[in-house]
Amino acid sequence: MSVNSLTIKCIAAAVVLLQISVIFADAGHHRRGKELLDTEDSDFFRCKQASRKSCCGPENAMKRFGDKDKVAADECYAQVAEKFATVTATTPKQDLFSADTVKITKKKQFCLHECIGKKNHLLTEDGSLNKTFIADYAMKSVFKEQWQKPVGLKALEKCLEETYIPWPAEDKENVCNPVYVQFQHCLWLQYESNCPANKIKITKKCEKTRNRYRMQKLTSN
């Protein structure tokens, strides 16, 4: 894998982490949609924070949530690539970490996740959450262990009813519904933050991650 390819994947994964600062920084949920594509918080674009690794239990329950169909995922990658082909072709070559480049990368991720969510029936046709299907899927296929079920159920109850930031009304180009990215991150955050004491991994990295969770939970209450 080339360095450029690895870096792009790192930024793409970090898109999900960026949503924490956007979603939970304010108790109100009526902030302007333009904030969805803000790129000022560079801390969330650091490669070392890019992956959604789990510090709860022996396995990563949220790994590839709703994204286990490789054929469907490949189809979505192709569709999104085609959708943004014109933008890529007409946009001057820019620094990989410039605001415009990062915004385009974020847009691609929103569109990719929306496509995958629809193909797996986790989203409705307009890209909103298919709540009943998601709850059933999560409790049967994700939170399978007995100890996971109350934690997962609590996370679902919160995140399925969360009000997420919509696509910026003034942005008319390559519009996608960003709710699925935000929902996935909410679910992961709640699951990790409410992990039973006897299932918590004790490592330096996990402790740093849990400290970050606590800060974010405090600002979201």
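This report describes the helices, helix packing, aromatic pairs and selected residues of a predicted model.

## Overall architecture

The protein contains eight helices and zero strands, and its elements, read along the sequence, follow the pattern α-α-α-α-α-α-α-α. Of its 221 residues, 44% count as buried. Among the contacts with a separation of 6 or more, 73% are accounted for by residues 24 or more positions apart.

## Packing of α2 with α4

Helix α2 (70–83) packs with helix α4 (residues 99–119) at an angle of about 140°, and their axes are 9 Å apart. At that angle the two helices are therefore oblique to each other, and their crossing is right-handed.

On the α2 side the contact is made by A72, A73, E75, C76, Y77, Q79, V80 and K83, which meet K108, C111, L112, C115, I116 and K119 in α4. Sorted by class, the residues of this contact divide into nine nonpolar, one polar and four charged.

Helix α6 (residues 148–159) packs with α5 at an angle of about 155°, with the axes 10 Å apart. The pair α5 and α6 is therefore roughly antiparallel, and α5 passes α6 in a right-handed crossing. The residues that meet are I134, A135, A138, M139 and V142 from α5, and Q148, K149, G152, L153 and L156 from α6. By class, this contact has seven nonpolar, two polar and one charged residues.

Helix α6 also packs with α7, where the axes come within 9 Å and cross at roughly 140°. That angle makes α6 oblique to α7, and the crossing of these two helices is likewise right-handed. In α6 the residues involved are Q148, V151, G152, A155, L156, K158 and C159, and they meet F183, C186, L187, Q190 and Y191 in α7. The residues of the contact between α6 and α7 divide into eight nonpolar, three polar and one charged. Q148, G152 and L156 of α6 are listed in the contact with α5 and also in the contact with α7.

## Aromatic pairs

A search of the whole structure finds five aromatic pairs. One of them is formed by F65 and Y137, whose rings are edge-to-face, with 5.3 Å from centre to centre and 85° between the planes. This pair links distant parts of the chain, since F65 lies in the loop between α1 (3–24) and α2, whereas Y137 belongs to helix α5 (residues 131–142), 72 residues apart.

Both F65 and Y137 are buried. Together with F183, these two residues form one aromatic cluster, and F183 is also among the α7 residues that meet α6.

With a relative accessible area of 15%, A61 is buried. When its neighbours within four places in sequence are left aside, A61 is in contact with V142, Q148 and Y191. Of these partners, V142 and Q148 also take part in the contact of α5 with α6, while Y191 is one of the α7 residues that meet α6. The C-alpha atoms of A61 and Q148 are 8.9 Å apart in space, although the two residues are 87 residues apart in sequence.

K154 is found in helix α6 and counts as partly exposed, at 49% relative accessibility. K154 and Y191 are 37 residues apart in sequence, and their C-alpha atoms are 8.1 Å apart in space.

## Residues with positive phi

Most residues other than glycine have a negative phi. H121, in the loop between α4 and α5, has a phi near 65°, which is a positive value in a residue other than glycine.

N174 also has a positive phi, near 50°, and is again a residue other than glycine. N174 is found in the loop between α6 and α7 (179–193), and at 17% relative accessibility N174 counts as buried.

Key: Residues numbered from 1 in each chain as written. Predicted model: local features only at pLDDT ≥ 70, side-chain atom pairs only at ≥ 80, totals over all residues. Heavy atoms only, no water. Phe/Tyr/Trp six-rings, centres within 6.5 Å; stacked < 30°, edge-to-face > 60°. Helix = DSSP H or I, 4+ residues; strand = E, 2+ residues; numbered from the N terminus. Buried < 20%, exposed > 50% of the residue type's maximum accessible area, 1.4 Å probe, protein only. Axes fitted to C-alpha atoms, helices over the stretch in contact; angles between N-to-C directions. Parallel < 35°, antiparallel > 145°, perpendicular 65-115°, else oblique. Left-handed = near helix turned anticlockwise from the far one by under 90°. Contact = heavy atoms within 4.5 Å. Nonpolar A, V, L, I, M, F, W, Y, C, P; charged D, E, K, R; others polar.
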